[in-house]
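Hello,

Please find the structure for handover below. My notes on it follow.

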Amino acid sequence: MRWKAFPDPVHDGQRQFRRVLAAMAEPGTLQVAEAPAVPDDAAIGAALWGTLLALCDLETRLWIAPGLEAGGLIDALGFHTGCRVTAAPEEADFALVTPASLSAPAPAFAEGSDAYPDRSTTLLVVLDALAEEGPWRLAGPGIPGTRTLEVGAAAPLMRRLAANRARFPRGLDAILTCGERLAAIPRSTRLEAQALGQPQEDSACMSQ
Amino acid sequence: MNGYNFAYLDEQTKRMIRRGLLKAVAIPGYQVPFGGREMPMPYGWGTGGMQLTASILGEEDVLKVIDQGADDTTNAVSIRAFFERVAGVETTTATADANVIQTRHRIPETPLAAGQILVFQVPIPEPLRFIEPSEEETRMMHALEEYGVMHVKLYEDIARHGHIATTYAYPVKVDGRYVTDPSPIPKFDNPKLHMSEALMLFGAGREKRLYAIPPHTRVESLDFEDHPFEIQEWDAPCALCGARDSFLDEVITDDRGGRMFVCSDTDYCQNRQEEVA
Amino acid sequence: MYVAVKGGEQAIANAHRWLADRRRGERDRPELSVDQIAGQLNLAVDRVMAEASLYDPELAALALKQASGDLVEAVFLLRAYRTTLPRLAETVPVDTDAMRVERRISATYKDIPGGQVLGPTYDYTHRLLDFMQLAEGETPEPARAEQALEACPQILELLDDEGLVEREVDDGAAPYDITRDPPDFPVDRATRLQMLARGDEGYLLALGYSTQRGYGRNHPFAGEIRIGAVEVEIVVEEREAPVCLGEITLSECQMINQFGGSREAAPQFTRGYGLAFGRNERKGMAMALVDRALRAEELGEPVQGPAQQAEFVLAHADSVEASGFVSHLKLPHYVDFQSELELLRRLRRDHVARHESAPSAPAETPAEEPQA
């Protein structure tokens, strides 16, 4: 199998979960995954592969944007996690997306209801760039004052996430990945574009 | 331990709880239903907190367990021994040395630090439960953000007693949205929830709910302009360490009415005694 | 000088040793074996299996032994073990029509196809203590029929043919699984039945009884009670027919209740259903009464009795949950108690101050004091 599992599934899975938890608890902070390398022809990076390994199993349904299944991802997921791939975005517990895959027509992911806001899809996003300090300003729970984030060309994604506030507690939570880097923007985050600065030089990342 | 997975729970159960925790952190104060499992300890004795601890705990973690603020109360001893047995993790009584702290009824006096996780054992996660016993009804109240009944209840206290008569499990509002039960901590501890450096996770095993307050999150104790929230005060300092800023337990020392007040947080008290000595 | 009490660890270890000693009893008496419990206290074993939701007579007997015969504790032990087991497969629904019955009675017809079979029942025993058992007298072999009973039809099927009783239809939907996901109220009937099946027998008995006394009355008849063995089957890839894993004993109760009906629908009898692992007839009957009571809203009946209030009934039925939460009151609560003490002292100080500052109140006639 070209896609590798964690060498120690119990403890590596736990460590990866704690990175995702830390990212979700402090939106805009970067975590670096120590996950197995992905095949050369994969469209997702190690941080995202590690997240899938840590969170998916027989009880989860995954929606995959066209193109992101490259390199035999679906078979690998079936083999390593048993998770089911769905074609219906509203049924998905997790969705593998790129910012571009969220532009019109936007997939209708589950946003939960006011009574059960947890019944929503969590976005697992593949980005071209991800770094602390950037044009997007984050505020809210988990953030002392404000943080800023560089996410590359991701306007459709950020528009979608910025719209979360108006629908709260319904909404989409996003785990952002770029190669081995990982950050999160939960629905509780207030998001706005600040005066555009120059992207940081180290923000672009290799795809693995 | 033979026959059981690391930290007792099987990996599928841990993943289910972990997915729930991510939702809980993303919707601060909202009670996420989860498929709570039976634990080898009775419901009501911390099974919710234990399931959360088991789901987040790793081999590098250092665990502290307290009950009533103390590391040496029987239930704290029992839960700590359980995790030593099923996870083999290092344990400590020093608040500053722990990165996961499971607690019942207290928040440590020593301010928590970034990177620490505090796991609360919760008996009744629903702050509205004693006003409205039906889950169907309270779920609707949260959905509609209809919290008037809670204010009415608190105001009835004032009308009757001149004070809000809730002294523990004092309801809070998290990030301006969800009215949340902070677990039966004394209201003395409520201010520590506000803008904490640490992540706070809450687990109710029997009721099968988990919720979270992320670090740096606004947490307000419900009150009224003419009756602002206030915390307990004692006339005397701790008889052992002299602290005036900690929650004190009353200890009866004889059968002639003799009593003294000492810190409920044993680690805090001991550190202060050592500093003085 | 006060020193905080230490040594919780030692106290717990000592308590466990004392408990083990108490459980063992007098050492000059032979120790009770798990086999003996499974074989001779089999109704207790069945109850433990039913409420623990785990069919394993040997482990249920072990739990009873370990719990010194405390049924609620034994249920808890077995439930806590159950939760650690992996789920390997799902069985096809068991077919109680094909049950190998050892007991089968109906209160609605004098004679029924297949016959009334009393089986091993306490029903007609005179409740006189049998002092012979103190002397360990011999037990005679039972009278045995020449051949085992054929599978026999369900009585309610006979009424079904005439359309006199409402039809139960399997819509094929995968049932909600209360052991994997928390119930979100209101829950459907399949979920309710799961919760009742593991509910505490005494609790269901009291609730069922309350419906007979008028708190949500619905005129029950014991349509059929059957106890016997059914096959448990799973579907295996590459095999056309399901594969039988073995047999389990079940108790099933079908209550026939007063009819519903409307301008559109002709009146029909309605049903209450009970099913339990092992020989658990009382539990099955109580469950059927409560199941029917919980259908009040669905059948357009007024909800008047406690047994008809679904969330109330279901949220409090589980003895593991209930005994845990009641027993947690034994845990230290001194922080919360201290919080209450502090408030109470303050309220009492305020009270005294208010009364001292109000000299107009005549001290000699407290009965006329204005109420606060």
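In chain A, 70% of the contacts (heavy atoms within 4.5 Å) between residues at least 6 apart in sequence join residues at least 24 apart. For chain B, residues 24 or more positions apart account for 61% of the contacts with a separation of 6 or more.

Some ground rules. This is a predicted model, where local features need pLDDT of at least 70 and side-chain atom pairs count only at pLDDT 80 or more, while totals for chains, interfaces and linings use all residues. Residues are numbered from 1 along each chain as its sequence is written, chains are lettered from A and ligands numbered from 1 in the order in which they are written, and side-chain values use heavy atoms, with hydrogens and water left out.

Chain A
Chain A has 5 helices and 10 strands. Both are DSSP runs numbered from the N terminus: helices are H or I with at least four residues, strands are E with at least two. The C-alpha trace spans about 45 × 40 × 30 Å along its principal axes. The radius of gyration, taken over C-alpha atoms, is compared with a globule rule of 2.2 Å times the number of residues to the power 0.38. Buried means under 20% relative accessible area, exposed over 50%, and partly exposed in between (1.4 Å probe, protein chains only).

The largest nonpolar core has 118 residues. Such a core is a set of buried Ala, Val, Leu, Ile, Met, Phe, Trp, Tyr and Cys residues joined through side-chain atoms within 4.5 Å. A:Trp49, A:Leu52, A:Leu96, A:Leu123, A:Leu157 and A:Leu176 touch the most other members. Helix α2 (residues 46–55) of chain A gives the most to this core, with 8 residues. In α2(A), 10 of the 10 residues are buried, so the helix is largely enclosed by the rest of the structure. Leaving aside neighbours within four places in sequence, the contacts of A:Leu96 include A:Leu48, A:Leu52, A:Trp63 and A:Leu124.

One backbone point: the peptide bond from A:Phe168 to A:Pro169 is cis, with omega near 5 degrees. A:Pro169 sits in the loop between α5 (164–167) and β8 (173–178) of chain A.

Chain B
Chain B comes to 6 helices and 12 strands. Its C-alpha atoms fill a box of roughly 55 × 55 × 35 Å along the principal axes. Its radius of gyration is 19 Å, in agreement with the value near 19 Å for a compact globule of 277 residues. Buried residues make up 65% of the 277.

Two residues other than glycine have positive phi, and I list them here. B:His105 has phi of about 75 degrees. B:His105 lies in the loop between β4 (100–104) and β5 (117–121) of chain B and is buried, at 3% relative accessible area. B:Ser183 has phi near 75 degrees. B:Ser183 is in the loop between β7 (178–180) and β8 (199–204) of chain B and is buried, at 0%.

Chain C
C:Glu252 is in strand β3 (residues 243–260) of chain C. C:Glu252 is buried, with a relative accessible area of 4%. Beyond four places in sequence, its contacts include C:Glu224, C:Arg226 and C:Tyr273. A cis peptide bond joins C:Phe185 and C:Pro186, with omega about -5 degrees.

Best wishes
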